[in-house]
Amino acid sequence: MRKRLIAGNWKLQNNSSQTTELIGKIIALTAGAGGVDTVVAPTFTSLHAARAAIGSSGIGLAAQDIFWEEKGAFTGEIAPAMLVDAGCQWAIIGHSERRQYFGETDETVNKKIKAALKVGLKPIVCVGETLDGRESGKTEQIIEKQLVGGFKDITDFSQIVVAYEPVWAIGTGKNASPAQAQEVHAFIRTWIAKNVGKGAADNTRILYGGSVKASNAAELLACPDIDGALIGGASLIADDFSAIIRLSVEK
Ligand code: PEP
């Protein structure tokens, strides 16, 4: 049985006090909603405030990115152990915005996953095709390339979460239909079964991300291979994010 996971990617939004306020509202609005893992990913500078606001509520804390070196002359970067020190248990890796604007490649994704696992951070690894890729019928080819490169030499999937995020659906208000999402999720699960093992395929949570809202979450989450959601815009609205958490019951 795969426990549902609802993760909020807060991107470059909210200072420390706004982060504290948002977490407080989410805790209040989701009181008693069990059977689902909730994770939030604020900016690096709000991690400490977020940790304090989360308290004993059980909400997980994620970094939006991670670097693979432990220390050294890497101006501007943050080491995996520093994220643990700041209270993170999770790290989003390979988000399409990192790939698009910051030169993230499957190779750097691979290094980041390994670095996260080494310090006990659970990676949420994003894959997804562009609109061009989908329209030219290359969705599976693109996803497979990202999986092969990103997970090179990684055989233990016990801590891994995969997020399927079609680039054309992120922040556009146009989500993949449940059928489109399910098709790719099933493809990813089959890839894990063939390349890692059946146990890993059965147990790995695969999240859908791309314009998930309170109004479309239930039909997406009803798909057999969709185990949760990675949510941008709607996760910044306490009422909407909390509604999605509440409607996510254990599979
Ligand atoms: C995201 O950034 O991961 C995302 C899915 O954003 P949105 O929900 O706003 O499409």
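**Cavity lining.** I looked up the lining of the largest cavity and found G94, S96, R99, C126, V127, G128, E165, V167 and I170. A cavity here is a set of points on a 1 Å grid over the protein atoms alone where a 1.4 Å probe fits but cannot get out, and lining residues have an atom within 4 Å of a point. By class I noted 4 nonpolar, 3 polar and 2 charged residues in this lining. Ala, Val, Leu, Ile, Met, Phe, Trp, Tyr, Cys and Pro count as nonpolar, Asp, Glu, Lys and Arg as charged, and the others, Gly among them, as polar. Helix α4 (96–101) and strand β5 (122–127) each supply at least two of the lining residues. Helices (H or I, at least four residues) and strands (E, at least two) are DSSP runs, numbered from the N terminus.

**Cavity volume.** I found a volume of about 30 Å³ for the largest cavity. The count is 1 cavity of 30 Å³ or more. The volume is the space filled by probe spheres set on the points, with grid points joined across faces, edges and corners.

**Basis.** The model is predicted: local features need pLDDT of at least 70 and side-chain atom pairs count only at pLDDT 80 or more, while totals for chains, interfaces and linings use all residues. Residues are numbered from 1 along each chain as its sequence is written, and side-chain values use heavy atoms, with hydrogens and water left out.

**Barrel.** I traced 8 strands that close into a barrel in the order β1-β2-β3-β4-β5-β6-β7-β8, with parallel pairing. Neighbouring strands of this sheet are turned by 25° against each other on average, direction ignored. Angles run from 0 to 180 degrees between N-to-C directions, and axes are lines fitted to C-alpha atoms, for helices over the stretch in contact. Helix α5 (residues 106–118) packs on the sheet and touches β4 (90–93) and β5, its direction making about 160° with that of β5. Contact means heavy atoms within 4.5 Å.

**β7 and β8.** I found 2 bridges between the parallel strands β7 (residues 205–209) and β8 (residues 228–231); strands pair if DSSP finds at least two bridges between them. Y208 stands opposite A229 in β8.

**T38.** I placed T38 in strand β2 (residues 36–41). T38 counts as buried because its relative accessibility is 12%; buried means under 20%, exposed over 50%, partly exposed in between (1.4 Å probe, protein chains only). Leaving out residues up to four places away in sequence, T38 touches I6, G58, I59, G60, F241 and I245.

**G35.** I found G35 in the loop between α1 (16–29) and β2. At 23% relative accessibility, G35 counts as partly exposed. G35 and T108 lie 34 Å apart in space, C-alpha to C-alpha, and 73 residues apart in sequence.

How values were computed. 1 Å grid on protein atoms, 1.4 Å probe; cavity = no way out; pocket = protein on both sides within 12 Å on 5 of 7 lines; lining within 4 Å.
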